[in-house]
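Work through the exercises below with the sequence and the structure open side by side.

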Amino acid sequence: MRLGPVPWAAFSDGTMAADELDPGAADMTGMATTSASIAGTLRGYSIEVNPNEPKAVDAALSRLDPGTEVFLTWIPGANPMDLIGPAAKLRRAGLFPVPHVGARHIESADQLERLAARLVSDAGVDRVLIIGGDRAKPAGPYDCSLAVMQTEIFQKSGIVRMAVAGFPEGNPNISESALNQALDSKLMYAHRAGLKLSIVTQFCFEAEPIVEWLRRIRAKGIDLPIKVGLAGPAGFLTLARYAVRCGIGNSLRVLTEKPSFAKLLVEKGPEAIIRGFPCAEEEGNTTALPFDIAGLHFYVFGGFNKTVDWINAARAQ
């Protein structure tokens, strides 16, 4: 099934230039000898912020470029209405807040309706990320992101831009066939409902599973905007802890089996992973990113400011 390109202005820019591949990255990925320029892939990036960390929200207001997408996490057990105030601040500053909506965290249809209405009326939100939510038993009537989409509650509130999760390394709680079927179902529903759908992936510690997953996705004719998730710079133990929590066991072995590469991740952030992406520059096209990805998305396990510091330094190279 081929779905036509979905216009999403916030995902539209990016540049690519040939560069020498980092020898360590070449050992890791087996990719070609050319790679994406670091600065080029960082155009149009997005980043996550915990709405319950006021200092991080304030830092986003002062440090991010206008038009940057800022994903607001919904921590299990937190009040979803805590998303409203930070989202409103970000939108007034010219940023695009993207609240997480965890299907399994939603307690009732009434709660979902109130959340959607207030995100639009009080905060000017026009896009959301809908995820299943890390909870064994749903708190309410929704057990997956598709179930939330099918309520049409967000559509009725005026939100038709929706992102869903992508899993280059799979999900420890869901089989690969079930993941593929779920993604196909969401794509078909979005096409019928006229949604502007995109995909944001889990983070990985090596380029190869990301590249192989992108190849499979594009080969299926899925040409939606895709943001590739990466962990910002953080300490070894922090990266390992979040890797276990997020279920990226295959990539986690990189931290233990390849200590020199793990040291690069800790000291230089995800640069070596980005250098493992194949170069996609074509003659006369200076804005192409590999596999036509929309850009990178950063998880800030080591702290918001530390990640932004790294991004700004890399973009200045």
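**Exercise 1: a ring pair and its surroundings**

Tyr-45 has a relative accessible area of 5% in this predicted model, which places Tyr-45 under the 20% cut-off, so this residue is buried.

Task: Determine how the rings of Tyr-45 and Phe-298 are arranged, and where in the chain the two residues lie.

Solution: Begin with the count, which comes to six aromatic pairs. For the rings of Tyr-45 and Phe-298, the centres are 6.0 Å apart and the planes stand at 80°, so the pair is edge-to-face, given that angles over 60 degrees fall in that class. Next, locate the partners: Tyr-45 is in the loop between α2 (38–41) and β1 (46–49), while Phe-298 is in strand β8 (residues 295–299), so that the pair links distant parts of the chain, 253 residues apart. Finally, Phe-298 is buried, with a relative accessible area of 0%.

**Exercise 2: a second pair**

Task: Classify the pair formed by Phe-203 and Phe-301, and state which parts it ties together.

Solution: The ring centres of Phe-203 and Phe-301 lie 4.9 Å apart with their planes at 65°, so this pair is edge-to-face. Because Phe-203 belongs to strand β6 (residues 196–203) and Phe-301 to the loop between β8 and α14 (304–315), the pair ties together parts that are 98 residues apart in sequence. Phe-203 counts as buried at 2% relative accessibility, and Phe-301 counts as buried at 17%.

Technical notes:
Residues numbered from 1 in each chain as written. Predicted model: local features only at pLDDT ≥ 70, side-chain atom pairs only at ≥ 80, totals over all residues. Heavy atoms only, no water. Phe/Tyr/Trp six-rings, centres within 6.5 Å; stacked < 30°, edge-to-face > 60°. Helix = DSSP H or I, 4+ residues; strand = E, 2+ residues; numbered from the N terminus. Buried < 20%, exposed > 50% of the residue type's maximum accessible area, 1.4 Å probe, protein only.
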